[in-house]
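Here is a short briefing on one protein model. Keep the sequence and the structure open as you read.

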Amino acid sequence: YKDGIFKSWEAENSFHTSFYAGNKIFVRDVGAGLFCLEGDVMLYINGSDVFANQRVDFIEKSNTSANEYILASREKGLFKFQLIYENGQYSINLKPLNNGTEKLFSENITYNGVKLSNNNLAFSTEAGGLLVLDFEGNLIAQYNIENGLNCNLINDVFEDVNGNLWLPTENGISLVMYSLQNYNFQNIGNISGMTETIAKLGDVIYLGSSTGLFQFNKNKNQFIKTDFPFTQVWQLSELKDKKALIASTTKGIYKVTNAGYSLLTSAIDNVYTVCESKIHKNIFYVGHLGGFAAFKNENGNFNLIYANPNINYPIRSISEDQSGNIWLSTQSDGLIYMHTSKLNTVEKVNYLNFIKFTSESGLPNLYENFVTLIHDNIYVATYNGVYKLNNSKQLATYSFAEIDRKSTRLNSSHQI
């Protein structure tokens, strides 16, 4: 339209889709292929006849070179092409980007797409929700009914100034907080039971709940339940070698890798926490419903080396200091400090001396006090706030005899 006059172009058959990319206007003519507007003339693009009877759902300028573009087709997948203009004619040289996108687009039925501000590509679909890919055609995320959208049929994609994606659907509008990388898996999805723990092994995220173990699937943007035994998983912790996780469960202790899981020991059930010693090689401290124990990993076998009948109440967490001594957080009996320096010097330990911290030691109450060690200082998270140990003499410097004399009561120099 110019100076009150409309100019129009007649299709050879019928125009289907059009795109504005890189200051160029592209139009698909059904039965012919692609055209590009040059000045006031609609020129056919030689080499585009492959799309004469196949959809073109997206064209956008590439980030790599001046004349390179990205094209998406529901039936053919994702392509790169160079737009060449010579002797008054256009031509293209198509290069498939990722063979997997042909199946991905056709199965989910892509409808249209948009280039995002972070240079990823987002495609609305008629059957699979929203697909997010990088410029090489690798699937980054998929959003659908399984992980929170109100419908799998998406008509369009709009990105706001904050990077969030607004999706018109058959059932209204869905908002994907894509810029925050923050998702809610609580109400819609595959997670069941109460979530207790989350840990990462390599680039894989695991979640433990009251019904078992779940693994995060990046492609589906959702947690998938594993074939782990149907049991409460209280804690997941990474081993020092970063090759596996330890799972504390109601049915014992398991080793979890990205290839599967194996039972380490069922000698103790209702295990709340496992702490691998950083000082004592192959020693694992275990807190459970009935107390505290220590195991030694000997050639892959978890052998029980210590259990104290005097600690017969639930231990919820275990922390180790730089000297290799440990703090036990109980469920309702205060805190316990235990001297463990002799664990590696004897084959089997019957008793280890310990100091017990109670309300007489300055704790506001005895319930679920959790210890954190920061720069050799002892901090305790309680229902009444955070407390710090006031210790004029390092606990690790006490002899066994001294600790034995203070086994259940502290002098005035050890107060919380």
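**Strand 10 and its partners**

Strand 10 and strand 11 (residues 130–133) pair in the antiparallel sense, over four bridges. This is a predicted model.

- The hairpin of strand 10 and strand 11 has four residues between the strands. In that hairpin, Gly 129 takes a positive phi near 75°.
- Strand 9 (residues 110–115) is also joined to strand 10, by five bridges. Strand 9 and strand 10 run antiparallel.
- Thr 110 stands opposite Thr 125 of strand 10.
- Five residues lie between the strands in the hairpin of strand 9 and strand 10. There, Asn 119 takes a positive phi near 75°.

**How strand 10 is enclosed**

- In a regular strand, side chains alternate between the two faces of the sheet.
- On one side of strand 10 are Leu 121, Phe 123 and Thr 125. On the other are Ala 122 and Ser 124. All of these are buried, so both faces are covered.
- Five of the five residues of strand 10 are buried, so the strand is largely enclosed by the rest of the structure.

**Aromatic pairs**

- How many aromatic pairs does a search of the whole structure find? The search finds 19.
- Why is the pair of Tyr 85 and Tyr 90 called tilted? The ring centres are 4.7 Å apart and the planes are at 45°, so the pair is tilted. The cut-offs are under 30 degrees for stacked and over 60 for edge-to-face, with the rest tilted.
- Tyr 85 is partly exposed, with a relative accessible area of 41%. Tyr 90 counts as buried, at 2% relative accessibility.
- Phe 105 and Phe 123 form a tilted pair too. Their centres are 5.1 Å apart, with 55° between the planes.
- That pair links distant parts of the chain. Phe 105 is in helix 1 (residues 99–108) and Phe 123 is in strand 10 (residues 121–125), 18 residues apart.
- Both Phe 105 and Phe 123 are buried.
- Phe 26, Tyr 69 and Phe 81 form one aromatic cluster.

**Charges over rings**

- Lys 225 lies over the face of Phe 214, at 5.8 Å from the ring centre.
- Arg 316 lies over the face of Tyr 272, at 4.2 Å from the ring centre.

**Nonpolar cores**

- In soluble globular proteins, nonpolar side chains tend to be buried together.
- The largest nonpolar core has 17 residues. Those with the most contacts inside it are Phe 26, Ile 45, Ile 59, Leu 71, Phe 81 and Leu 83.
- Elements that give two or more residues to this core include strand 1 (15–21), strand 3 (33–38) and strand 4 (41–46).
- Leaving aside neighbours within four places in sequence, Leu 83 is in contact with several residues, among them Phe 26, Cys 36, Ile 45, Tyr 69 and Tyr 90.
- Another core, of 16 residues, lies apart from the largest one. Among its residues are Tyr 285, Phe 292, Ala 294 and Phe 354.

**Cysteines**

- The count of disulfides comes to zero.
- Cys 36 counts as buried, at 0% relative accessibility.
- Cys 275 counts as buried, at 11% relative accessibility.

How values were computed: Residues numbered from 1 in each chain as written. Predicted model: local features only at pLDDT ≥ 70, side-chain atom pairs only at ≥ 80, totals over all residues. Heavy atoms only, no water. Phe/Tyr/Trp six-rings, centres within 6.5 Å; stacked < 30°, edge-to-face > 60°. Buried < 20%, exposed > 50% of the residue type's maximum accessible area, 1.4 Å probe, protein only. Lys NZ or Arg CZ within 6 Å of the ring centre and 35° of its normal. Disulfide = S-S within 2.5 Å. Pairing = 2+ DSSP bridges. Core = buried A, V, L, I, M, F, W, Y, C linked by side-chain atoms within 4.5 Å. Contact = heavy atoms within 4.5 Å.
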